[in-house]
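Welcome! Here is a short tour for anyone meeting this structure for the first time.

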Amino acid sequence: MGPHPSSRRPGRPAALLAGLLLVVPALVTACRLLDTDGITPVPQLLSFLPWLTVPAGLGLLLAAVARRRGLALTAVVVLAATAWSSLPYTTWTTIGHGLPVARVRVLAANVEFGQATDALIATVRRERPALVYVSECDRACGRALTTAFAAELPHYASVEADGSAGSVLLSAHPLRDWRMIPATMGMPGATAEIAGRSVRVQLAHPMPPLPGQVDVWKRELGRIEDFAALRTGPTLIAGDFNASQDHAAFRAILKEGRLRDAAWAVRRSRAATWPVEGPVPPYVQIDHVLVSDEFSVDDVRFLDLDGTDHRAVLADLDLRGDR
């Protein structure tokens, strides 16, 4: 009688478990490095990219316990690639040219079907932003905001709709050339006159990459990318992008529009903004303020609002004049 199979292949259960733990980090990291969002479940899993170092690390530990050198080497490569891909993302290092001509405080908030309207009103009164981008602002929310800030933020562009489709962009500066990027949920925009300069302001709120809706998500992010690519002057795009720095479709917006994420400029690219409510702690930054190189970024803060599952983004910017 020969030896028992388990004696010929010591550590087999640990090796099998290690292999299973490495599959998802390897797949997701490969898509990240290849600059593609792939198909379901990759777009959803890309939101967890930094956290995938945990199963990759456990896979390496189990491979070492199983004494499988080839598997251990593979685990080292997967863990290193996942960790490297999870480093805070940066764009270029320029901070805007010319002398500052105006300080612009921007607030972007998703109020979750209008539920956080009262909290947002209190926050706007406290922080006094000059531009407020509000997603998931239903009709009642829109009326409440435009009424509450008729004096401080008298100019606005909006999409009046129920539920998550409504949005409003409030401004202390005059707005003209209203526009709207076609999307399932409202994405209004306009041109603001700030310190004698025309600034394109655009709210972003594409569909989330839910299974069965990934094509819609990519298409609507693509329309924001197209808008960014056409920019010819100072530009501010802000809102709930339903995408993180690890999504290729989001990075394409930055590349085509020569834009920077304000949070990345102050080394806060991994500050999570969603989900604030529920049993799972916030794990991904999907709310952003994007700025062109006519702006320099002084500070970015993330604010909790009662009633919504998103943190708001508050950015202090300097608009700079021509050379």
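This is a predicted model: local features need pLDDT of at least 70, side-chain atom pairs count only at pLDDT 80 or more; totals for chains, interfaces and linings use all residues.

**Arg176 and its partner**

- The side chain of Arg176 meets that of Glu193 in a salt bridge, at 2.7 Å from N to O.
- This pair links distant parts of the chain, with Arg176 in strand β5 (residues 175-180) and Glu193 in strand β6 (residues 188-194), 17 residues apart.

**Other salt bridges**

- How many salt bridges does the structure hold? There are 15 salt bridges in the structure.
- One of them joins Arg301 to Glu127, whose closest N and O atoms are 2.8 Å apart.
- Here too the pair links distant parts of the chain: Arg301 sits in strand β11 (residues 295-303) and Glu127 in helix α6 (residues 117-127), 174 residues apart.
- Is Glu127 buried or exposed? Glu127 is buried, because its relative accessible area is 9% and the cut-off for buried is under 20%.
- Arg301, by contrast, counts as partly exposed, with 29% relative accessibility.
- Glu127 and Arg301 also belong to a network of salt bridges that links them with Arg105, Arg126 and Asp316.
- Asp304 forms a salt bridge with Arg311, and the closest N and O atoms are 2.8 Å apart.
- In that pair, Asp304 counts as exposed because its relative accessibility is 53%, while Arg311 is partly exposed at 23%.

**A buried serine**

- Ser135 is found in strand β2, which covers residues 131-135.
- With a relative accessible area of 1%, Ser135 is buried.
- Which residues is Ser135 in contact with, leaving aside its neighbours within four places in sequence? Among them are Ala109, Asn110, Val111 and Glu112, as well as Gly166 and Ser167.
- The contacts of Ser135 also include Leu203, Ala204, His205, Gly239 and Asp240.

**The largest pocket**

- The largest pocket holds about 420 Å³ of space.
- Its lining is made up of 24 residues, and Pro208, Pro209, Leu210, Asn242 and Trp274 lie nearest the centre of the pocket.
- By type, the lining residues of the largest pocket divide into 12 nonpolar, eight polar and four charged.

Note on methods
Residues are numbered from 1 along each chain as its sequence is written. Side-chain values use heavy atoms; hydrogens and water are left out. On a 1 Å grid over the protein atoms alone, a cavity is a set of points where a 1.4 Å probe fits but cannot get out, and a pocket is an open set with protein on both sides within 12 Å along at least five of seven lines; lining residues have an atom within 4 Å of a point. Grid points are joined across faces, edges and corners, and a volume is the space filled by probe spheres set on the points. Ala, Val, Leu, Ile, Met, Phe, Trp, Tyr, Cys and Pro count as nonpolar, Asp, Glu, Lys and Arg as charged, and the others, Gly among them, as polar. Helices (H or I, at least four residues) and strands (E, at least two) are DSSP runs, numbered from the N terminus. Buried means under 20% relative accessible area, exposed over 50%, partly exposed in between (1.4 Å probe, protein chains only). Contact means heavy atoms within 4.5 Å. A salt bridge is a side-chain nitrogen of Lys or Arg within 4 Å of a carboxyl oxygen of Asp or Glu.
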